[in-house]
Structure formats: structure tokens, C-alpha cells
Amino acid sequence: MSPEARPDIGAGAVPRRPGFGAELARAAKAFPTLLRVGVSEVVAYRAEFLVWILTTNMPLVMLALWHAVAAEGPVKGLDQRAFTTYYLGVLAVRLLTSNWAAWQLSMEVRDGTLSAKLLRPIHPLYALAADHISAIPMRALVISPIIVLLVVMGRDRLAGHDPRLVVVLVLSLVGAWLLTFFSMVLLGALAFFIESSLGVFELWLGVYAIFSGYLIPFEVLPHWVSAAAGLLPFRFMLGFPVEVLVGRLGAAGALRELGAQWAYVVLTFAGALVVWRAGVRRFAAYGG
Amino acid sequence: MIDVRNLSKSYRVHKRAPGIAAALRSVLRRRYETVKAVEDLSFQIAEGERVGFLGPNGAGKTTTLKVLSGLLHPTSGTVRVGSYVPHMRDPRFLQLITLVMGQKQQLLWDLPPSETYAMNRAIYDIPKAQAEATVRELGDLLEIGDLIGKPTRQLSLGERMKCELVAALLHRPRVLFLDEPTIGLDVSMQAKMRDFIRDYNERFGAAVLLTSHYMDDVVALCPRVVVIDHGRLIYDGDLRALARKVRPDKHVTIRLSKPVDHADLARMGTIVSANGAQAVLSVPSAQASAVVRDALATLPIVDLTIEEAPLEDVMRELFGASGTGKDGREPSPSPKPARAGA
């Protein structure tokens, strides 16, 4: 019998698997404890966590660079203050919405430690999400000085002057987190199929740095790059919430973009789930 | 409780020769080969039964346990645990089982075991009072004491393994898959683990499928063994019957007050070892009592014991003699898949 042959599921009544709703309800019930334990883990690893956060310093490097360039005068309409608010916004949003699920998942698939998570009666992705959400309070603590600085620097330019934009901002941050998380799951789940999934992740990071607005504001990029960025999902992971935060989008435009962002969230979720399910079928659980 | 019929599991593995040239060639053209880890394996285990799952390294034991616990999809065949198909990983199935792997752990490394227990309580949706009672009860049996409050990384291997067992059994599973649960533990800790597993099995009526390279674990816990080699079943039945079948001789150990002639020993049986003070003879089981009578009457005996051949020897002989696998030869000694493939 070849390995591709389908197993005979066998005769006899197999109980119907509980529906997605029941599974979600079970996970929701467990979620507070998972979050609490996750926070305890973050606190236990606090020094490592802090160092890891401090490695996200590229926006500050770019800020210094563009600040010097804009000293002569505005660049494509952006003055020094605009660059400052933009990069502080990038730093805050990036620290709040980024996660390392691709790296974690890839390692767990490769060394087999995923096995223990697959043996639990809640989906491993719920636990993974809880792991990463539980890092947010500590991250929020780290970015609070940046937010204070941003408010001082941005003043009238920030989204705070329009309550509709505040709501869009919150939803866009949630959307950015989910979009990033599902992308990470999709990338991490590639480890079920290829040994170099972390290489793909590195490649993804390079593309992300350009098309998300992480390195350079879209206004300063060549037109074709910013046009492409408008179509790709990367901008919705970072650039879009930053634009809302620093008040570069009006309420109508922001709402339209929010719809596009959430459409990408749904698409990426579906993609991640398809890759995950196909991957778990191939999982060899080596070493685990 | 466990029903395995004609289970086969194959892996497709990348194969390349060592060296830089082979590495470069493999970039352009990858060669794969199919490895049959388990082939046409069938057995059943009833509720409350304790079964040893034996075989040499690479025989397919761990692969089978992973299929039974739903981690791996079978290539072909039918597997049921309870009424569930394991690889569908129904949450109710996962609530029913536990898989303990001696070399792997689920305890959170930098947090005390109590945090893992709290997490498992939430994941398995166990009422708080019941979880606390279980931790107390299992903790008492394993003499865990205040270990559950110390960070896992500060615990010794034995302490970690005890805490690991409590985490694995917190939801009171009805089926225990134990893969080398005593590996690396000292003799007294191994004995404690064995007592604990037997106690849990008797108390909760749980089915136990155990793999271990420590034959003492198997002898102490498992009246029945399933033996596989090269992924194929070569024996399923009573452990003692297997020992008698493979090594029908008994070992008679004689301690002597003074040296005796070699010839006096040789006429009683095959000499396994002999020095001035002690001799070990291998004699057919049927003649053991006659040999003992003869020895007591004719030799200056201080002490005498009769033992069956150690299980390690039985296994060594079984796997040395079994010709199962790629050449398709029938194994010897006469395989007896007593309960398999109904």
C-alpha cells in the first residue's frame, strides 16, 4: 500500500464531531486561564522579552535619517514633524501588533513539540493566539512612553480629534494583529511541507518592510510601489493603522480601508486554516 | 477499548548520500524512499487491561502510539479508541486519552507545575474542586509534596517526571499510552512509577499500553504483551507463555560450600557459568525439579534458586531469531497473534 493511499476509516458508528461553535465556546471558556498563564510566562521571561522588543528599533533609525533629510525642507509634503509622528506611530503599532508565531510554529513542527499541543482538546491555534495576546500588556507598558511622545509631537494631527477615527483606529489595530497572526500561522505551517519555512519567513519580512510602510512612508516611495502596496495585505498590517493614528486619513477613507483590511483578515484566516489542516495530515511528529 | 486492524503507516523520507556533491545533486533532483514503519498490525485491548508493547528500536512502537493518540494519520487500516477514530482528533477523544513520552514534557519550563495544572484544568474543562482533588490524590500517591510550587526548571528529572504524570492524568483519562515513562529514572523511582501506574489502572479501570526498554516495568505491570519487529506483529499474548516459548529452560543457581567437579555439574544441565562458590545451570523446565532433587542429594549446597530466563534474554533471543521484515520470512519461534485481527 502506498503512503498516499487513503486509510480505511472503518465501519461502525463514529460519534459526530462537535461543531465549530462548541469548539469555540470551549476555547473561550479556557481563554482567560490561558491568558493568565501566558502573562506569567512573559513575566518569567521578562529580560529576554524586553531585549527582543528593543530589537525593533529600525523606525528610530529611519526617523533619524529622514529627520536630517527634511531639515532642508519638506520631502513630498512631509516635514520633520510629520516624519516624527509617522515613525513613532510605526514603532507603537509594530510593537503592539507584531508576533513571532511563524518562528514558534516552525520550530514546534520541526522538533515535534507540537505533538503535546495537538493532544489537547482545544485547537492548538487558540492556545497559540492566547500565548501571543498575553504579551500585549507588557508590550503596551513598553510603548506607553512612545505614545506620550507621540501625543506631545502630534497634538492636533492625531486621530483623537474625531471619535469615528478613534473607533476605526481600535478596529484597525485588532485587524492588524489578526492579519499578522494569521499570516504568521500560514508561514509557520509551511514547516509541515518544507524544511526552509524560516527562510520563506525571512523573505516575507523583507517584502513586508517595504510594502507595509515599516521602512519608508508611502508618500516617499515611487508611485508604482505605493500603488502595489495599496493592493497587497502588508499595508493593512502596519501602514494603515499608522495612517489612521497620525490623522492622514479622513473618516470615510478610513472606513473604506477598514473594510478592505478585514476582508484580508478573513482571506488570510481561510488560507492559514487550509495550509494548517493539510499540514497536520502530513505531520510526522519526529522527535515528539 | 482499543481496536487496531491491519494498520500500516509509511513515511516518505528524503534520501541522499553524504558529501557536498550529493548535497548539490539533491538540490536539482531529490530522491525519496518510502519507509514502512508499521505493516498490517492488528490487536485489541480491553478496558482496564495493561499491555506491554515491545520491540527493538525502530520496530514501530512509537509510530503506533502516535497513530493511536491521533498525532499521525494511518496510511491504511482501521483504528478505533473508544468509539473514536483517533486522527480525527475529536475533543472528546482527546479528553479520553493521554500520551506520556518519557523524553518529552508538557510542563511549562519556567513556571511551577501548578501553572501547567491550572492550564490543563481550563483546557480539559475540569471543575476546580475535582482538579484540586485529583492533584491532591495523585500528588499523595507520588509523594509530590510542595514540588508543584517550584519552577519546573529547578526540579530533578525524577521530580519532573512525577509532576509530568500528574499533568498527564489530571483529566483522568481512560486510556494511557505510555512511551518509556521511566526512562532515565533511578531504580527506586522506577518502582514508584510502576506502583503508581498500576494503582491508577486499578482505581480508574484505565487501559494501559506501555512501551519500555526496562523489562522490569513490563514484568511488573503487563500480564500481556504485544511484540512487533520491523512494524509487524510477531507475538500477542501472555508474557509468561512468551518467555516459556522462547526460552523453555530454567536457570538453576547453586551456591556451594566447597568447589565441585565440573563433570558433576555438567551431567545435570548446561553450565551457564561456574566458579568455586557458585554455578548457574540451564535445564529444561520439565526436568527442573529432578535436577534440584539430584543437586540437593549429591552436592554441598548452601543455597539454591530456580528462575525463568530474564525477559531481556527472551527479547534478545526473540529479535535475534525473528526474521520478519523486508525479506518476508516467517518469524520464529512460531508467531502467535493470539488476539489479533478478529
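Of the 148 residues that make up the largest nonpolar core, A:Val185 and B:Val225 touch the most other members. This description rests on a predicted model. Helix 9 of chain A, residues 163–189, gives the most to this core, contributing 14 residues. Leaving aside residues up to four places away in sequence, A:Val185 touches A:Ala101, A:Leu105, A:Leu125, A:Ala272 and A:Trp276. There is also a second, separate core, which has ten residues. Among them are B:Ile254, B:Leu256, B:Met268 and B:Ala279.

With the cores in place, the chains can be taken in turn. The secondary structure of chain A consists of 14 helices and zero strands. The C-alpha atoms of chain A fill a box of roughly 75 × 40 × 35 Å along the principal axes. A compact globule of 288 residues would have a radius of gyration near 19 Å, and the 21 Å of chain A agrees with this. Of the 288 residues of chain A, 38% count as buried.

Chain B brings strands into the picture, with twelve helices and 14 strands. The C-alpha trace of chain B spans about 70 × 55 × 50 Å along its principal axes. Among the 342 residues of chain B, 44% count as buried. For contacts in chain B between residues at least 6 apart in sequence, 71% join residues at least 24 apart.

Two of the sheets of chain B are described here. One is an open sheet of three strands in the order 2-1-4, with antiparallel pairing. Its edge strands are strand 2 (31–45) and strand 4 (76–81) of chain B, each of which pairs on one side only. On average, neighbouring strands of this sheet are turned by 30° against each other, direction ignored. Strand 1 of chain B, residues 2–15, runs antiparallel to strand 2 of chain B, and eleven bridges join the two. Within strand 2 of chain B, B:Thr34 is the residue that stands opposite B:Arg12.

The other is an open sheet of four strands of chain B, ordered 11-12-10-13 and again paired in antiparallel fashion. Strand 11 (270–274) and strand 13 (301–308) of chain B stand at the edges with a single partner strand each, so one side of each has no neighbour in the sheet. Neighbouring strands here are turned by 20° against each other on average, direction ignored. Seven bridges join strand 10 (residues 249–256) of chain B to the antiparallel strand 13 of chain B. B:Lys250 stands opposite B:Glu308, which lies in strand 13 of chain B. Helix 11 of chain B, residues 288–298, packs on this sheet and touches strand 10, strand 12 (278–284) and strand 13 of chain B. The direction of helix 11 makes about 170° with that of strand 13 of chain B.

Helix 4 of chain B (residues 113–123) deserves a look of its own. Ten of its eleven residues are buried, so helix 4 is largely enclosed by the rest of the structure. The buried residues of helix 4 of chain B are B:Pro113, B:Glu115, B:Thr116, B:Tyr117, B:Ala118, B:Met119, B:Asn120, B:Arg121, B:Ala122 and B:Ile123. What covers them includes helix 5 (128–142) and helix 6 (157–169) of chain B, together with helix 1 of chain A. Just after helix 4 of chain B, B:Asp125 takes a positive phi of about 55°.

Helix 1 of chain A leads on to the contact between the chains. This contact takes 35 residues from chain A and 39 residues from chain B. On the side of chain A that touches chain B, helix 1 (20–44) and helix 6 (114–118) of chain A each supply at least two residues. The largest share of that side, ten residues, comes from helix 1 of chain A. By class, the side of chain A that touches chain B has 22 nonpolar, five polar and eight charged residues.

Note on methods. Residues numbered from 1 in each chain as written. Chains lettered and ligands numbered in written order. Predicted model: local features only at pLDDT ≥ 70, side-chain atom pairs only at ≥ 80, totals over all residues. Pairing = 2+ DSSP bridges. Axes fitted to C-alpha atoms, helices over the stretch in contact; angles between N-to-C directions. Contact = placed C-beta atoms within 7 Å. Nonpolar A, V, L, I, M, F, W, Y, C, P; charged D, E, K, R; others polar. Rg over C-alpha atoms; globule rule 2.2 N^0.38 Å. Buried ≥ 20, exposed ≤ 12 C-beta atoms within 10 Å, placed from the backbone. Core = buried A, V, L, I, M, F, W, Y, C linked by C-beta atoms within 7 Å.
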